[in-house]
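Keep the viewer open while you read.

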Amino acid sequence: MTTSSSERGVSLGMPELPAPAYPDDVRARLETDAREVIARYPDSRSALLPLLHLVQSEEGHVTRTGMRFCADMLGLTTAEVTAVATFYTMYRRKPSGDYQVGVCTNTLCAVMGGDAIFEELQEHLGVGNGETTDDGKVTLEHIECNAACDFAPVVMVNWEFFDNQTPASAKRLVDDLRADGRSRPRAGRRCAPSRRPPGSWPASPTSGTGSSKRAAVRDPLPWSA
Ligand code: FES
């Protein structure tokens, strides 16, 4: 005897329609930025990761429209782009706050206080794992080890390191981010919100050296001063 898909609780659903394209003005602007990024690589498909960051900075997360744009620009299929975008946790697949606050709760950070930090931040912010504060500023989440164990416990804001945190310092950090975002990570200038104003994509994130190169990626233009 066989059972239907609905009896097994499986919804086959309808095939998804193609993602809508960006409005013409947005696409034109993003194309300019994307061409500059692509030109830095001998093989255009190598530009996929920065292009995903580009479309993420446009909407705050990687949408189907953004993935379609990347595929169009690089001559890839949307399936190829989706496979990459869903593999790396740095690409967000749903709307989130300006600041993605990740608390490392892997073994070393956990025993050094990461678990306590995460619990206190949940209570302090009134959100659970993966949830965003009402003001849209902070999304809190567990993160896995980011190879900064010697600075445990580690908190990351938009993937910038804040080392040797305590529950008290982590609460000050998120309060500061929600107020005006002037907190500074271990290296370089203060964290920028994940969603940037149009046209503020780094003109040349690979120029410069060392911390100046990282700072260029993090806070490329004085739009937020
Ligand atoms: S366990 Fe937290 S950075 Fe490695």
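## Ground rules and layout

This is a predicted model: local features need pLDDT of at least 70, side-chain atom pairs count only at pLDDT 80 or more, and totals for chains, interfaces and linings use all residues. Residues are numbered from 1 along each chain as its sequence is written.

The chain has seven helices and five strands; here helices (H or I, at least four residues) and strands (E, at least two) are DSSP runs, numbered from the N terminus. Going along the sequence, the pattern reads α-α-α-α-β-α-β-β-β-β-α-α. Of the 225 residues in the chain, 31% are buried. Buried is taken as 20 or more other C-beta atoms within 10 Å of a residue's own, exposed as 12 or fewer, and partly exposed as in between, with C-beta atoms placed from the backbone. Take the contacts between residues at least 6 apart in sequence: 58% of them join residues at least 24 apart. A contact is two residues whose C-beta atoms, placed from the backbone, lie within 7 Å.

## The sheet

The five strands make an open sheet, ordered β2-β3-β1-β4-β5, with mixed pairing. Strands count as paired if DSSP finds at least two bridges between them. At the edges are β2 (131-132) and β5, each pairing on one side only. α5 packs on the sheet and touches β1, β3 and β4, its direction making about 140° with that of β1. For that angle, axes are lines fitted to C-alpha atoms (for helices, over the stretch in contact), and angles run from 0 to 180 degrees between N-to-C directions.

β1 and β3 run parallel, joined by six bridges. Val 101 stands opposite Leu 140 in β3, and Tyr 99 has Val 138 as its bridge partner in that strand. β2 pairs with β3 too, in the antiparallel sense over two bridges, and there Glu 131 stands opposite Leu 140. β2 and β3 form a hairpin with five residues between them, and Gly 136 in the turn has a positive phi of about 75°. Five of the six residues of β3 are buried, so this strand is largely enclosed by the rest of the structure.

## The core

The largest nonpolar core has 22 residues, and those touching the most other members are Val 101, Val 103, Leu 121, Val 138, Val 155, Val 157 and Val 174. The elements giving two or more residues to this core are β1 (99-104), α5 (107-125), β3 (138-143), β4 (155-157) and α6 (167-179). α5 supplies the largest share, five residues. Apart from this core lies another one, of 18 residues, among them Tyr 22, Ala 34, Leu 51 and Leu 52. By nonpolar core I mean a set of buried Ala, Val, Leu, Ile, Met, Phe, Trp, Tyr and Cys residues joined through C-beta atoms within 7 Å.

Leaving out residues up to four places away in sequence, Val 103 touches Gly 114, Ile 117, Phe 118, Leu 121, His 142, Ile 143 and Val 155. Gly 102 is also in β1, and it counts as buried because 22 other C-beta atoms lie within 10 Å. Beyond its neighbours within four places in sequence, Gly 102 is in contact with Glu 141, Ile 143, Val 155 and Met 156.

## Helix α6

Ala 170, Leu 173, Val 174 and Leu 177 are the buried residues to look at in α6. They cover an arc of only 90° around the axis, which puts them on the same side of α6; the arc is that of the directions from the helix axis to the C-beta atoms. On the other side of α6, Ala 168 and Ala 179 are exposed. The buried residues of α6 pack against β1, α5, β3, β4 and β5 (160-162).

Ala 147 counts as exposed because it has 6 C-beta neighbours inside 10 Å.

Asn 164, in the loop between β5 and α6, has a positive phi of about 45° although it is not a glycine. With 14 C-beta neighbours inside 10 Å, Asn 164 counts as partly exposed.
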